[in-house]
Amino acid sequence: MNNAPLDTDRPNSLIIAPQWIGDAVMTEPLLRRLHARGERLTVGALPWVAPVYRAMPQVAEVIEFPFAHGGLQFRERRAIAKRVEGRFETAYVLPNSLKSALLPFLASIPRRVGYFGEARVGLLTHRLKNPKSKPPMVAFYSALSGESGFDADRPQLKFSDQDISAALARQGLPVSGYYVFAPGAEFGPAKRWPAKHFAELAASLDLPVLLLGSGKEAELCDEIVLLSNTANNAKCLSLAGKTSLTEALCLIAASRACISNDSGLMHVAAALGVRQVAIFGSSSPLHTPPLSDQASVLWLKNDASYQSPLDCAPCFERICPLGHTRCLNDISAQRVRDLL
């Protein structure tokens, strides 16, 4: 952690980041707004999310929090709070949990902004009501700025040419000389296009395919490699769990196109302005769309030609409650291929 001195020329603000990559990407327009009005931004983030914020030029500093999933971890939060006490005038608490609001409270940051969330009325000084419906998440985060007019907000990420060149050199690939597949989705199988469809698509392409994801998705990616290479000797390589997040994001930035489910890497591709096809199943592009002119979205719910209509979608369930997962199984590899 960098104990940078207080910037007396600009108000210093601490951002408590979400714990998921996609959500982190969708907070970028909020941070751009805060920076534009003169705030110096320090982001507190978990290690697996921190690289996303290092790709935001408006962020002056990133503090990696040593917290794990689950548990209050009060002692650890209090220790960091003591180290940053007196550095910040404002804290923006982006997650809705009680524990995420603890650190700014313990650090005695005068102005603490967030949504009502779970039992944290006394921890925040400025509270927004949670929307009753599922609004677009970019607007949900941008509203914490206290401003308005979020319809045009689009997340943007930027990596240096040096970082991108280094990532390409490690894999021996040229710019735009390969496709990226992101077949995982942390939420569950009702958001994952079938492995056999990814494999069929890979076998039909005329460039190599890199499969990206976490170590948890390595088995899924290996299955796609096996199926695609058996089908047509495709040049398909899994890097799931074998790269840093920064390297994975740089490989997306330099790809010909990215094909993904509704996942964190989908939002990364959109923020990098990469050509992409985003496949939606149990979730909704009305809630978490890839905000890019380079994005094509496939969602059978809004396809009038698809019969019988998917009255069950979006269900937002981890596993299809009806047992058929038609919303994903019925999207063919050829249909995705036609959009590339």
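Student: How far is the sulfur of Cys 258 from the closest cysteine sulfur?

Tutor: A disulfide is defined as a pair of cysteine sulfur atoms within 2.5 Å. The closest cysteine sulfur to that of Cys 258 belongs to Cys 221 and is 12 Å away, which is too far for a bond. The model is a predicted one, in which local features require pLDDT of at least 70, side-chain atom pairs count only at pLDDT 80 or more, and totals for chains, interfaces and linings use all residues. Residues are numbered from 1 along each chain as its sequence is written, and side-chain values use heavy atoms, with hydrogens and water left out.

Student: How many disulfides does a search of the whole structure find?

Tutor: The search returns zero disulfides. Cys 320 takes part in none, and its nearest cysteine sulfur, in Cys 312, lies 6.2 Å away.

Student: Is Cys 258 buried or exposed?

Tutor: Buried means under 20% relative accessible area, exposed means over 50%, and partly exposed is in between, computed with a 1.4 Å probe on protein chains only. Cys 258 counts as buried because its relative accessibility is 0%. Cys 320 is also buried, with a relative accessible area of 17%.

Student: How many helices and strands does the chain have?

Tutor: Helices (H or I, at least four residues) and strands (E, at least two) are DSSP runs, numbered from the N terminus. The chain has 13 helices and 12 strands. Its radius of gyration, taken over C-alpha atoms, is compared with a globule rule of 2.2 Å times the number of residues to the power 0.38. The chain gives 21 Å, close to the 20 Å that the rule gives for 340 residues, so it is as compact as a globular protein of that length. Buried residues make up 54% of those 340 residues, and the C-alpha trace spans about 60 × 45 × 35 Å along its principal axes.

Student: In what order do the six strands of the open sheet stand?

Tutor: Two strands pair if DSSP finds at least two bridges between them. The order here is S3-S2-S1-S4-S5-S6, with parallel pairing. Strands S3 (59-64) and S6 (126-128) each have a single partner strand, so one side of each is left without a neighbour in the sheet. Angles run from 0 to 180 degrees between N-to-C directions, the axes being lines fitted to C-alpha atoms, for helices over the stretch in contact. With direction ignored, neighbouring strands of this sheet are turned by 20 degrees against each other on average.

Student: How many bridges join S1 to S4, and which residue stands opposite Ile 16?

Tutor: Four bridges join S1 (residues 12-16) to S4 (residues 90-93), and Ile 16 stands opposite Val 93. Contact means heavy atoms within 4.5 Å. Helix H2 (residues 28-36) packs on the sheet and touches S1, S2 (40-45), S3 and S4, its direction making about 150 degrees with that of S2.

Student: Which residues of helix H5 are buried, and against what do they pack?

Tutor: In H5 (residues 98-106), the buried residues are Ser 100, Ala 101, Leu 102, Leu 103 and Pro 104. They pack against S1, helix H4 (74-84), S4 and strand S5 (111-115). Within S5 lies Arg 112, which counts as buried at 10% relative accessibility. Leaving aside residues up to four places away in sequence, Arg 112 touches several others, among them Ala 91, Pro 104 and Phe 105.

Student: Which faces of strand S12 are covered and uncovered?

Tutor: In a regular strand the side chains alternate between the two faces of the sheet. In S12 (residues 295-298), Ser 296 and Leu 298 form the covered face, whereas Ala 295 and Val 297 form the uncovered one. S12 runs parallel to S11 (residues 276-279), to which four bridges join it; Val 277 stands opposite Ser 296.
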